[in-house]
Amino acid sequence: MAGLGEFELIARFFTRDTSACDQLRQGIGDDCAILQAGECDWAVTSDLLIEGMHFFLGADPYWLGHKALAVNLSDLAAAGAQPFCFFLALGLPQAQPAWLEAFSKGLFALADTHGCVLAGGDTTRSPSLAGRAGPLTIGITAMGRLPAAAALSRGGARMADDIWLSGSVGAAALALRARQGAAALAEPDALLCARRLDAPQPRVALGQALRGLAHAAIDVSDGVLADLGHVCERSGLGASVQWAAVPRAEALASQPLALQYECALAGGDDYELLFTAAPAQRAAIEAAAARANTPVTRIGSMTKGSELCVLDAQGKPLALSRRGFDHFRD
Ligand code: ADP
Ligand code: MG
């Protein structure tokens, strides 16, 4: 497996011809699979969180419950879907009522906000290996509803489209670096950034408001450049981003520039929506974002070719070493 990246691995071993399944509008390669079902379509997504990989040992169970569902609702948002139901697969090292109480409270607080019901799942004990309790694993599969053929996807961007980003980026990555001791962060920034890392708010209303307006969309889970890279690849285009335009966490301003670039462009866990739309739709996008009560910013445009470049404040291309997060490369 050495040298094989997460996406190469999926492409090589798990991506097969699905043309025989004519109700599958979209399979592997996007934020959600899209299934055709009569009058409407279903968007389906699955995400797994593992202790020690996605969250620290002893993480607050309330916010773990919230985040496990939030990352799935974020994928539904990227497809423009309305959350409908979800399934919960738990691997627990032990059954502690106080932990389960807090976890389920956090989970259902977010589920209720979005009218998304728990419809099933699976629960097992994760084994003790070499005397250590097995890692806590939380897998969620979520389903959302869409009008037929209305799903947003990564592959729809068109030449000269504007590239837009919701909210701001970089706070979650900065909080992670602070926790790892790689960045110094004072209050109140420390708390604000930790909130972005532990309690992401999926952009569900914006995703739905963008249906019929945006040409392509993705949620920013692995970093702006990595996720914009997926849009470029699936759309057969390049992109040009202006660093000065990227809406970034205020807490980044006092950090070294290299760390600002890294957190805002290559840091993960923001769960904002990145999307593209025709320049003629600027006013309509602003109006849709206002209806969804979500700020949006234009950060660049789609270009010919396959290059992804970021221009600094002087208009010179930045040399960037890290594009984002890959589970088998980092
Ligand atoms: P996201 O970050 O939106 O959750 P990823 O970029 O992680 O999505 O995944 C890329 C695509 O690969 C998605 O369509 C996902 O469903 C698919 N995928 C990931 N792992 C597997 C797997 N083990 N088997 C089949 N498809 C997978
Ligand atoms: Mg996604």
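Reading the ligand and metal sites

An oxygen atom of ligand 1 is 2.7 Å from a polar backbone atom of Asp30, a polar contact being a pair of N or O atoms within 3.5 Å. This is a predicted model, in which local features need pLDDT of at least 70 and side-chain atom pairs count only at pLDDT 80 or more, whereas totals for chains, interfaces and linings use all residues. Residues are numbered from 1 along each chain, chains are lettered from A and ligands numbered from 1 as written, and side-chain values use heavy atoms, without hydrogens and water.

Colleague: Which protein donors does the magnesium ion (ligand 2) have?

Modeller: Donors are N, O and S atoms within 2.8 Å of the metal (3.2 Å for Na, K and Ca), and water is not among the atoms, so sites may look incomplete. Here the protein donors are Asp31 (OD), Asp75 (OD) and Asp219 (OD), lying 2.0 Å from the magnesium ion. Asp31 lies in the loop between strand 1 (24-26) and strand 2 (33-37) and Asp75 in helix 2 (residues 61-79), so the pair ties together parts that are 44 residues apart in sequence; helices are DSSP runs of H or I with at least four residues, and strands are runs of E with at least two.

Colleague: Are Asp31 and Asp75 buried or exposed?

Modeller: Buried means under 20% relative accessible area, exposed over 50%, and partly exposed in between (1.4 Å probe, protein chains only); both Asp31 and Asp75 are buried.

How values were computed: A polar contact is a pair of N or O atoms within 3.5 Å; within protein, one must be able to donate a hydrogen and the other to accept it, and residues adjacent in sequence count only if both atoms are side-chain atoms.
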